[in-house]
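This report covers the strand pairing, the helices packed on the sheet, and several individual residues of one model. The sequence and structure come first.

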Amino acid sequence: MIYFDNSATTIPYSQALLTYQEVATKIFGNPSSLHQLGTNASRILQASRKQIANLLNCQEDEIFFTSGGTESDNWALKGTAFEKSSFGKHIIISDIEHPAVKESAQWLQKNGFDLSFAPVNEKGFVDTKKLAELIRKDTILVSIMALNNEIGSVQPIKEISDLLADKLGISFHVDAVQAIGKIPLESFMTERVDLASFSGHKFHAVRGVGILYKKRGKRINSLLHGGGQEYNQRSTTENLPAIASMAKALRITCENEEQDTKKMRAMKEVIYNALKDYQDVYLFSDLEGFAPHILTFGIKGVRGEVLVHAFENHSIYISTTSACSSKAGKPAGTLLSMGVDLKKAQTAVRISLGADNDMGEVEQFLTLFKQIYQKTKKVR
């Protein structure tokens, strides 16, 4: 088996799974309980929070645990919108956001908020000048992803941070779900960022756990009310084994980031340089300004799902676009926003590499690609 779908989900580190098992079996108390078992659980919870805060270069009370990237995005947008509604009701997101952001914003639009979409250029990068033109006196929130999940374009977060530097009434949210461990932390966790979303299963932790970074002093409404966990901001008993596992996975990811990204970029370059020599291959991703692990391409006249299944028949796993829209049969929304026509966009498939992959797998992929390409000659 060759697994080239790491942007959909990653295989958990064995160390992270071991941590999950140990905490689940040995530290099974509720962190809110007053007895010793609860105290032990609370210590693990706070140790995990401290480790994650150190790795993300922030304070412990700026880290909030969630069920994953979708909840973090929903909470960031809805919590900010309702907290700041008395100051304004205008929200700006990019035209290429993940559904967790886009659909949250559209839900807010149906509930009385104004929504504007910042466009992207033909390469898939947010146009900062056009974003600036959208800002109004009643703008309360700007949400831009750090790294696009469909084609891998790295967004100009520093440039947008500079744009918002003197507009402190506007909260700045970054969906960093795809970015952690792939691009430098300082490129998307700037001083101007108020909120940032992370998801454990994107960096080799277990599923069902995530992080919302909320800058100290920033107020957002709670979505979950009850027992007052997470500094009275997110009530529900904490998923302690998953949180501890995520802290371990994040530490390993950060420690290995330099060597892992170098390895992934080298594999991507080999695939990119091989595919660009085929006459009827579309390359939607590039090398410069893009993630080291994501490469999106298509074969003229061949729908993406056909190509996915052709590779799957040989135990090579890739995807059409994002995992959230692939089963719905939707073409990559990012490509349409870039001005790619529908027929061309429907050919798109995505390779997303991981540190577990190697050049031998790349070679096998390219050998099979050549065979599939030859078989599609009549369609092309």
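Strands S6 and S7 run parallel and are joined by 3 bridges. Within this pairing, Val 174 stands opposite Ala 196 in S7. The model is a predicted one, and local features are taken from it only where pLDDT is at least 70.

On the S8 side the sense of pairing is antiparallel, with 5 bridges between S7 and S8. Phe 198 has Ile 211 in S8 as its bridge partner. S7 is largely enclosed by the rest of the structure, because 5 of its 5 residues are buried. Leu 195, Ser 197 and Ser 199 cover one side of S7, while Ala 196 and Phe 198 lie on the other, and all of these are buried.

S6 and S7 belong to an open sheet of 7 strands, ordered S2-S8-S7-S6-S5-S3-S4, with mixed pairing. The edges are held by strand S2 (63–66) and strand S4 (114–118); each has a single partner strand, so one side of each is left without a neighbour in the sheet. On average, neighbouring strands of this sheet are turned by 20° against each other, direction ignored.

| Strand pair | Sense | Bridges | Bridge partners |
|---|---|---|---|
| S5 and S6 | parallel | 5 bridges | Val 142 and Phe 172 |
| S7 and S8 | antiparallel | 5 bridges | Phe 198 and Ile 211 |
| S3 and S4 | parallel | 5 bridges | His 90 and Asp 114 |

His 90 is paired with Asp 114 in S4, and S4 is one of the two edge strands.

**Helices against the sheet**

Helix H3 (residues 69–83) lies across S2, strand S3 (90–94), S5, S6, strand S7 (195–199) and strand S8 (210–214). H3 runs at about 160° to S7. Helix H4 (residues 99–110) also packs on the sheet, where H4 touches S3, S4, S5 and S6. The direction of H4 makes about 150° with that of S4.

How far does helix H8 (residues 240–275) span between its end C-alpha atoms? The span is only 45 Å, whereas a straight helix of 36 residues would span 52 Å at 1.5 Å a residue. H8 has a kink of about 65°, centred on Glu 257.

Helix H13 (residues 359–375) reaches 25 Å from its first C-alpha to its last, close to the 24 Å expected for its 17 residues at 1.5 Å a residue. The N-terminal end of H13 is capped by Asp 358, with a side-chain oxygen 3.0 Å from the backbone nitrogen of Gly 360. The buried residues of H13 are Glu 361, Val 362, Phe 365, Leu 366, Leu 368, Phe 369, Ile 372 and Tyr 373. As a general point, an α-helix has 3.6 residues a turn, so residues three or four places apart point the same way.

**Individual residues**

For His 204 the angle is about 70°, and for Asn 232 about 65°. His 204 sits in the loop between S7 and S8, while Asn 232 is placed in helix H7 (residues 229–232). Are these two residues buried or exposed? His 204 counts as buried because its relative accessibility is 11%, under the 20% cut-off. Asn 232 counts as exposed because its value is 54%, over the 50% cut-off.

Thr 334 is found in helix H11 (residues 333–337). With a relative accessibility of 1%, Thr 334 counts as buried. The side chains of Thr 334 and Glu 150 are joined by a polar contact of 2.7 Å. Leaving aside residues up to four places away in sequence, Thr 334 touches Ile 96, Asn 148, Glu 150 and Ile 151.

Methods: Residues are numbered from 1 along each chain as its sequence is written. This is a predicted model: local features need pLDDT of at least 70, side-chain atom pairs count only at pLDDT 80 or more; totals for chains, interfaces and linings use all residues. Side-chain values use heavy atoms; hydrogens and water are left out. Two strands pair if DSSP finds at least two bridges between them. Helices (H or I, at least four residues) and strands (E, at least two) are DSSP runs, numbered from the N terminus. Axes are lines fitted to C-alpha atoms, for helices over the stretch in contact, and angles run from 0 to 180 degrees between N-to-C directions. Contact means heavy atoms within 4.5 Å. The expected span of a helix is 1.5 Å times one less than its number of residues. The bend at a residue is the angle between axes fitted to the seven residues ending there and the seven starting there. Buried means under 20% relative accessible area, exposed over 50%, partly exposed in between (1.4 Å probe, protein chains only). A polar contact is a pair of N or O atoms within 3.5 Å; within protein, one must be able to donate a hydrogen and the other to accept it, and residues adjacent in sequence count only if both atoms are side-chain atoms.
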